[in-house]
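User: Hello! I am new to this structure and would like to learn how to read what is inside it. Could you walk me through it?

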Amino acid sequence: MKAISYNLRKHAAIGELSALIDAHSPELLCLQEVDTVDLPAELGPLHLADATKRNRLGLAIYYDRERFESKATGAFQLKKSLHDIIAAPAHERLLGTHLVDRESGHELVVASFHAAPLTALNSLRRNQIRAAHEALRGFGDGLPTLMVGDFNYPLFKDFLTAEVRESGYELSLSDRRTYTRYKFFRGHFDFATSFNLLIDSVQTLPRGASDHLPILVTAQDAEEAESAA
């Protein structure tokens, strides 16, 4: 299973999506900072599962309908930062979808996530990540889960990794930095957290029109991988 996550920088990189899909053949595409009123229902072989509704620049998930069946989707509000309260840029920072793998019959949950901006504290972003994981359990407790997106968490990741692991999830960074626009805020902003999935790789893809670089996550069901071994 391959998933691409990409923060489009206020929809600026929307024109790159078809080429990304052609080049990497993902079954899943998770977007952040996308103009949700200007989205096609289809992007090549991928179908729009859902997009957030309460803010123009929001989240979207596409999936391969030949590989997956979508059972349900949901958008969630998370604890707001001061920036959210004053500027109201994002009411919904998590979008999840419950999928069934047509090949194996197994169910899984996939989510696009966008944490509070760097003006907020890391403690708030950890709260949002923890709440996002809890919200995704609502699709089915124990289901394999992949949450990808812009975590806005460039520093002190060892602490975040430990906290995520305590909740039963694993944090996976990409092979190269995903954000290099500002000298003091370079690093891995975009990554993945997962539950009951084996993450084979997280690859940073070439830079486009966004200030974030897209990432390509390759994963497999942990139980299937254990049985095959």
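Analyst: Gladly! Keep in mind that this is a predicted model. Let's start with a helix and what packs over it: the cover on the buried residues of H1 includes strand S1 (2-7), S2, strand S3 (42-43), strand S4 (46-51) and S13.

User: Which residues of helix H1 are buried?

Analyst: In H1, which spans residues 17-24, the buried ones are Leu17, Leu20, Ile21 and His24. They lie on the same side of H1 because they cover an arc of only 95° around the axis. The face turned away from that buried side carries exposed Ala19, Asp22 and Ala23. After H1 comes Ser25, with a positive phi near 50°.

User: How many residues does the largest nonpolar core have?

Analyst: That core has 22 residues, and Met1, Leu28, Phe68, Leu99, Leu146 and Val217 have the most contacts inside it. Among the elements giving two or more residues to this core are strand S2 (28-35), strand S9 (145-150) and strand S13 (215-221). A second, separate core of 20 residues includes Ala111, Phe139, Met147 and Leu160.

User: What does Met1 touch?

Analyst: Leaving aside residues up to four places away in sequence, its contacts include Leu28, Phe68, Leu146 and Val217.

Methods
Residues numbered from 1 in each chain as written. Predicted model: local features only at pLDDT ≥ 70, side-chain atom pairs only at ≥ 80, totals over all residues. Heavy atoms only, no water. Core = buried A, V, L, I, M, F, W, Y, C linked by side-chain atoms within 4.5 Å. Buried < 20%, exposed > 50% of the residue type's maximum accessible area, 1.4 Å probe, protein only. Helix = DSSP H or I, 4+ residues; strand = E, 2+ residues; numbered from the N terminus. Contact = heavy atoms within 4.5 Å. Arc of directions from axis to C-beta.
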